[in-house]
Amino acid sequence: MRTDMDDAQGTGDAVAHDGGRTDEVDRYADGRAARRDEAVRAAVEQGLLDDGNPLVGLLDVTGIRESAAELRAAFDAVTAPGTPVLHAFAVKASPLVPVLRLLREEGIGAEVASPGELALARAAGVEPERTVLDSPAKTHAELREALALGIAVNADNPQELARLDALMAAGGSRSPIGIRVNPQVGGGSIEALSTATATSKFGVALRDEGAREWVVQAYLDRPWLTRLHAHTGSQGIALTMMARGAAETYALAEEINRRAGRRQVDTIDIGGGLPVNFASEASSPTYGQYARLLSETVPGLFDGRYGLVTEFGRSLLAKHGTVVARVEYAKSAGGRPVAVTHAGVQVATRTVYAPQSWPLRIAAYDAKGRRKEGPAVVQDVAGPACFAGDLLARAQSLPLLEQGDHAAALDTGAYYFAHHYAYNSLPRPGVYGFTPTGTGDIAFATVRAPQTIEEIVAESGAAHTDALIG
Ligand SMILES: *Cc1c(COP(=O)(O)O)cnc(C)c1O
């Protein structure tokens, strides 16, 4: 039987495919863990957590900068000098304007997939030439706006391409435009996040009858199609499968350029999807491992003939976020200790609804925010929502959580506390970035203020109170 932890380790097994290299460890792991402990202590001490706000999200600014620098260095190390490389952060992984602004300062652009995400990227000041639009359901208005702004667009399907034809005929655009293809290389361990299965909803399914020829002809007919895009999946996809997706995309670009008799496709967008290790502290696999595997599998992608776009999301942010919740009550049921906390389905939706696929490590802190010592006890860590399955962790071994302690859900910087689910009208928690001051203290900056009860009422139709009885 597979356990939660088997699954978590499964996401890291891609390390075994690193061309036999085992020399790379995550040299940032210890510093990250130490900063996090300091931040939890400081958050309690400085009153970010109290009776009115028993739940917060914390973001490690230093760690985010480190990951961004690692990503840039990993691709710099394998690309020919002068190759244009755009790392566009997948905004859906952390749709917070200050985070996008921080990444922009670190040289990272934005991959957006909705009008909201585009607006966030623009609010953060991400330049149009560093922005890529990729949704599978772009409306007329979205396409028009993207072309007017000059942001890159990857068309998902023939009908979208027809809309682009009309817009290009009507006025043209400086937007780089490509087609998203589905190399159909298969799925990973998490069905819901596998985008390159035979029947995936994304892109043009390349192995379907006639599809490849249709794509090639689409390029031959449209000199303005200059990019090719694939995103093989997120979390649960082995590195080798991701590299195969990139290899298939590269082979198609070569075929298009051969048939066109010129270098029409000048940029290949390889998507994101580097898996995150949720089972322990180390980042694994690393960007370095993936970039080297790619350069060994598809050397032609890195020899300077193609510009590159990447779209990493989870791997840039996950390790740098921590949900901290106060233990409101500690009880016992059927012989199992249960800590009832304020973090549940509203901030860890995937973990609560699909616990096998999304196990989280929980760290125990005491009432003052100090790391809790003591013998490991098998216990459940529950959330505040009113259904039995609202558990942040099931049967996890950790020092016994008691009333007034704090439970921290680790590696939650992507797709967790920034992805609020409004069950039970629970408020969106405040999100704070933290940085060591250098004098032994921690400075916090508000990234997103906690949602107020008044805001919940207003967002729940208070302006239309009598709408249904009139
Ligand atoms: C979600 C998504 C990404 C980012 O995936 P991660 O697993 O977070 O790296 C990149 N590109 C596209 C098109 C996506 O849908």
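Predicted model: local features only at pLDDT ≥ 70, side-chain atom pairs only at ≥ 80, totals over all residues.
Residues are numbered from 1 along each chain as its sequence is written, and side-chain values use heavy atoms, without hydrogens or water. Local features need pLDDT of at least 70, side-chain atom pairs count only at pLDDT 80 or more, and totals for chains, interfaces and linings use all residues.

An unreviewed UniProt entry lists residues 83–317 as "domain: Orn/DAP/Arg decarboxylase 2 N-terminal". Such annotations may be inferred rather than shown by experiment. Over residues 83–317 the chain is 38% helix and 16% strand. Helices (H or I, at least four residues) and strands (E, at least two) are DSSP runs, numbered from the N terminus. The end C-alpha atoms of this stretch are 26 Å apart.

Now look at S135. It sits in the loop between β4 (131–133) and α6 (140–149). S135 is buried, at 4% relative accessible area. Buried means under 20% (1.4 Å probe, protein chains only). A polar atom of the S135 side chain lies 2.9 Å from the backbone nitrogen of A137. S135 also touches V112, A113, D156 and E160, leaving aside residues up to four places away in sequence. Contact means heavy atoms within 4.5 Å.

Next comes P285, in the loop between β9 (267–269) and α10 (287–297). The peptide bond from S284 to P285 is cis, with omega near -5°.

Finish at the loop between β16 (406–409) and β17 (430–436), which holds D411. D411 is not a glycine, yet has a positive phi of about 60°. D411 is buried, at 1% relative accessibility. Y415 lies in the loop between β16 and β17. Y415 has a positive phi of about 65° and is not a glycine either. Its relative accessibility is 11%, so Y415 counts as buried.

Notes: Buried < 20%, exposed > 50% of the residue type's maximum accessible area, 1.4 Å probe, protein only. Polar contact = N/O pair within 3.5 Å; in protein donor to acceptor, adjacent residues only side chain to side chain.
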